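Subject: Structure handover

Hello,

Here is the structure I promised you. Please open it alongside this message; my notes follow below.

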Amino acid sequence: MKVVLQRSKSASVTVDGKVTGAIDKGYVLLVGITHEDTTEDVAYLAKKITNLRLWEDAEGKMNHSILAHGGAILSVSQFTLYGETKKGNRPSFTGAARPEVAQPLWVAFNDALREQGLRVETGVFGAMMDVAFTNDGPVTILLESK
């Protein structure tokens, strides 16, 4: 599992002209799932994201988690994180899990974040989405479960 985490001042996802998810401050998560991913990967990354200290304390050091600082999650499925570009000019997406595997794990990931005490908004799995956000910092972290 791969997640691109971007700290955000505000974010939203729009599908077919309708907002499907929106947050004020928090994290935008672009979530990619591969064939070997399991619920263990889901649990590991949900806990890691919840506890990462990416918010500043009174001294300006990144010492606070999203739970301590406050904020929400906007989770967007992103199979293109498994795009392979070593050969040729057109990416191969064979590393990405098929939708029937990826969607239940993405839903489980979002549920695991909620179980950690976070408010989670989402895009729509498999849809063409417009994602808009203001990156805060900018802070961008790449996380992998394996």
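**What turned up**

P138 has its place in strand β8. Most peptide bonds are trans, and most residues other than glycine have a negative phi. D16 is not a glycine, yet D16 has a positive phi of about 50°. D16 is found in the loop between β1 (2-15) and β2 (18-23). With a relative accessible area of 76%, D16 is exposed. Please keep in mind that this is a predicted model.

**N135, also in β8**

N135 belongs to strand β8, which spans residues 130-144. The relative accessible area of N135 is 25%, so N135 is partly exposed. The side chain of N135 reaches the backbone nitrogen of V139 at 3.1 Å. That side chain also makes a polar contact with the side chain of T140, at 3.5 Å. Setting aside residues up to four places away in sequence, N135 touches Q6, R7 and T140. K25 is 110 residues from N135 along the chain, but their C-alpha atoms are separated by 9.7 Å.

**Aromatic rings**

A pair of aromatic rings is described by the distance of the centres and the angle of the planes. How many aromatic pairs does the count come to? There are 3 aromatic pairs. One of them is Y27 with W55, and this pair is stacked. Their centres are 5.9 Å apart, with 20° between the planes. Y27 sits in strand β3 (residues 26-32) and W55 in strand β4 (residues 55-56). The pair links distant parts of the chain, 28 residues apart. Both Y27 and W55 are buried.

Another pair is F79 with F93, and this pair is edge-to-face. Here the figures are 5.1 Å centre to centre and 70° between the planes. Both F79 and F93 are in the loop between β6 (72-77) and α3 (99-115), 14 residues apart. F93 has 31% relative accessibility, so F93 counts as partly exposed.

**Charges over rings**

W55 comes up again here. The charged end of R7 sits over the ring of W55, 4.9 Å from its centre. K2 does likewise with Y82: the charged end of K2 sits over that ring, 4.6 Å from its centre.

**Two buried aspartates**

Is D37 buried or exposed? D37 counts as buried because its relative accessibility is 6%. D37 is found in the loop between β3 and α1 (39-51). The side chain of D37 reaches the backbone nitrogen of T34 at 2.8 Å. The backbone nitrogen of M1 lies 2.7 Å from a polar atom of the D37 side chain. Beyond residues up to four places away in sequence, D37 touches M1, G32, Y82, L105, S145 and K146.

D41 is in helix α1. At 5% relative accessibility, D41 also counts as buried. A polar atom of the D41 side chain lies 2.7 Å from the backbone nitrogen of T38. Leaving aside neighbours within four places in sequence, D41 is in contact with M1, E36, S145 and K146.

**Helices α1 and α3**

Where do α1 and α3 meet? On the α1 side, the residues are T39, V42, L45, A46, I49 and T50. On the α3 side, they are L105, A108, F109, A112 and L113. The two axes come within 9 Å and cross at roughly 35°. The crossing of α1 past α3 is right-handed.

Q116 is found in the loop between α3 and β7 (119-122). With a relative accessible area of 32%, Q116 is partly exposed. Leaving aside neighbours within four places in sequence, Q116 is in contact with A46, K47, T50 and L67. Q116 and A46 are 70 residues apart along the chain, and their C-alpha atoms are separated by 7.7 Å.

Best wishes

Note on methods
Residues numbered from 1 in each chain as written. Predicted model: local features only at pLDDT ≥ 70, side-chain atom pairs only at ≥ 80, totals over all residues. Heavy atoms only, no water. Phe/Tyr/Trp six-rings, centres within 6.5 Å; stacked < 30°, edge-to-face > 60°. Helix = DSSP H or I, 4+ residues; strand = E, 2+ residues; numbered from the N terminus. Buried < 20%, exposed > 50% of the residue type's maximum accessible area, 1.4 Å probe, protein only. Lys NZ or Arg CZ within 6 Å of the ring centre and 35° of its normal. Polar contact = N/O pair within 3.5 Å; in protein donor to acceptor, adjacent residues only side chain to side chain. Contact = heavy atoms within 4.5 Å. Axes fitted to C-alpha atoms, helices over the stretch in contact; angles between N-to-C directions. Left-handed = near helix turned anticlockwise from the far one by under 90°.
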